[in-house]
Amino acid sequence: MAFVTNERKRKRESSSSFTHRCRYDVFLSFRGEDTRNGFTSHLNGILRHNGINTFIDDELPRGEEISTELLEAIETSRISIIVFSKNYASSTWCLDELVKILECKSNGQIVLPVFYKVDPSEVRSQKGKFGEALAKHEEKFKDNMKEGAKMEGSSKRSGQFIWLALPK
């Protein structure tokens with residue numbers, strides 16, 4: 001019984017410390033070539049217009065590996081919005097972000113998936129473009145894509161997730 005009480009206390013403290021270290025309200029994860037100049041820029045504009053502090057990676061230097069600054073932005077965001085699009089999985093950078101986001105989700109971060117012109121079942125089952133792109137990457141990304149797609153079903157149970165599937 002004491003273990004359960006201590007575990008609950010630890011989770012509350014962990015969740016509490018998570019909210020105190022937030023630098024951004026929202027981190028936007030997206031594939032630039034698919035959505036940067038359309039959907040994501042509009043979403044970012046609407047969020048900022050409504051006083052929501054967002055992080056968008058439009059000024060970070062590009063490289064082979066994800067930058068420390070980007071990882072810190074994910075860690076210090078209250079919410080992450082993942083915009084799954086047709087070429088999201090073709091980017092190792094996006095998949096590295098997804099791994100970090102799902103890590104932060106387990107520490108209390110809210111994660112909201114948006115399926116932009118892609119069927120959520122394609123992400124979940126890793127078919128079509130997603131399957132092709134993932135076949136080119138390391139095995140570690142496959143489990144994370146499935147977890148991201150499972151969020152669709154989680155919305156009905158936990159209330160922590162909201163999903164949007166935009167028409168193709």
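**Aromatic pairs**

I searched the whole structure for aromatic pairs and found 5. For this I paired rings of Phe, Tyr and Trp (its six-membered ring) with centres within 6.5 Å, calling planes under 30 degrees apart stacked, over 60 edge-to-face and the rest tilted. I took up Y24 and F55 next: their ring centres are 5.2 Å apart and their planes stand at 70°, so I noted the pair as edge-to-face. Y24 is in strand β1 (residues 24-30) and F55 is in strand β2 (residues 54-55), so to speak of distance, they are 31 residues apart in the chain. I took helices (H or I, at least four residues) and strands (E, at least two) from DSSP runs, numbered from the N terminus.

How buried are Y24 and F55? I read a relative accessible area of 7% for F55, which is buried, and 12% for Y24, which also counts as buried. My cut-offs are under 20% relative accessible area for buried, over 50% for exposed and partly exposed in between (1.4 Å probe, protein chains only).

F55 has another ring partner, F27: the centres are 5.6 Å apart and the planes are at 10°, so I wrote this pair down as stacked. It links F27 in strand β1 with F55 in strand β2, 28 residues apart. F27 is buried, and so is F55. I then saw that Y24, F27 and F55 form one aromatic cluster.

Residues are numbered from 1 along each chain as its sequence is written, and side-chain values use heavy atoms, with hydrogens and water left out.

I looked up the mean pLDDT (the predictor's confidence in each residue, from 0 to 100) and got 75 for the protein, with 64% of its residues at 70 or more. Over residues 152-168 the pLDDT is below 50, and this stretch has 39 contacts beyond near neighbours in sequence. Contact here means heavy atoms within 4.5 Å. Residues 1-19 also stay under 50, and for them the model has 8 contacts beyond four places in sequence. A reminder to myself: where pLDDT is low, the predicted coordinates should not be read in detail.

**Salt bridges**

My rule for a salt bridge is a side-chain nitrogen of Lys or Arg within 4 Å of a carboxyl oxygen of Asp or Glu. By this rule I count 5 salt bridges.

I began with R78 and D25, whose side chains meet in a salt bridge at 3.0 Å, N to O. R78 lies in strand β3 (residues 77-84) and D25 in strand β1, so the pair ties together parts that are 53 residues apart in sequence. Both ends came up as partly exposed, R78 at 31% and D25 at 24%.

R36 and D57 make another salt bridge, at 3.7 Å, N to O. R36 sits in helix α2 and D57 in the loop between β2 and α3 (68-75), 21 residues apart. D57 is buried at 6%, whereas R36 is partly exposed at 22%.

Then I checked E75 and K100, where the closest N and O atoms of the salt bridge are 2.6 Å apart. This pair joins helix α3, where E75 lies, to K100 in helix α4 (residues 92-105), 25 residues apart. E75 is partly exposed at 28%, and K100 counts as buried at 12%. Salt bridges that share partners join E75, K100 and E103 into one network.

D34 is in helix α2 (residues 32-49). Its side chain makes a polar contact with the side chain of S85 at 2.6 Å. I used polar contact for a pair of N or O atoms within 3.5 Å; within protein, one must be able to donate a hydrogen and the other to accept it, and residues adjacent in sequence count only if both atoms are side-chain atoms. Leaving out residues up to four places away in sequence, D34 touches S85, K86, N87, Y88 and Y116.

**Two last look-ups**

A133 is in helix α6 (residues 128-135) and is buried at 9%. The C-alpha atoms of A133 and S90 are separated by 4.8 Å, although the two are 43 residues apart along the chain.

K117 has a phi near 55°, a positive value in a residue other than glycine. I located K117 in the loop between β4 (110-115) and α5 (120-125), partly exposed at 44%.

Note on methods:
Predicted model: local features only at pLDDT ≥ 70, side-chain atom pairs only at ≥ 80, totals over all residues.
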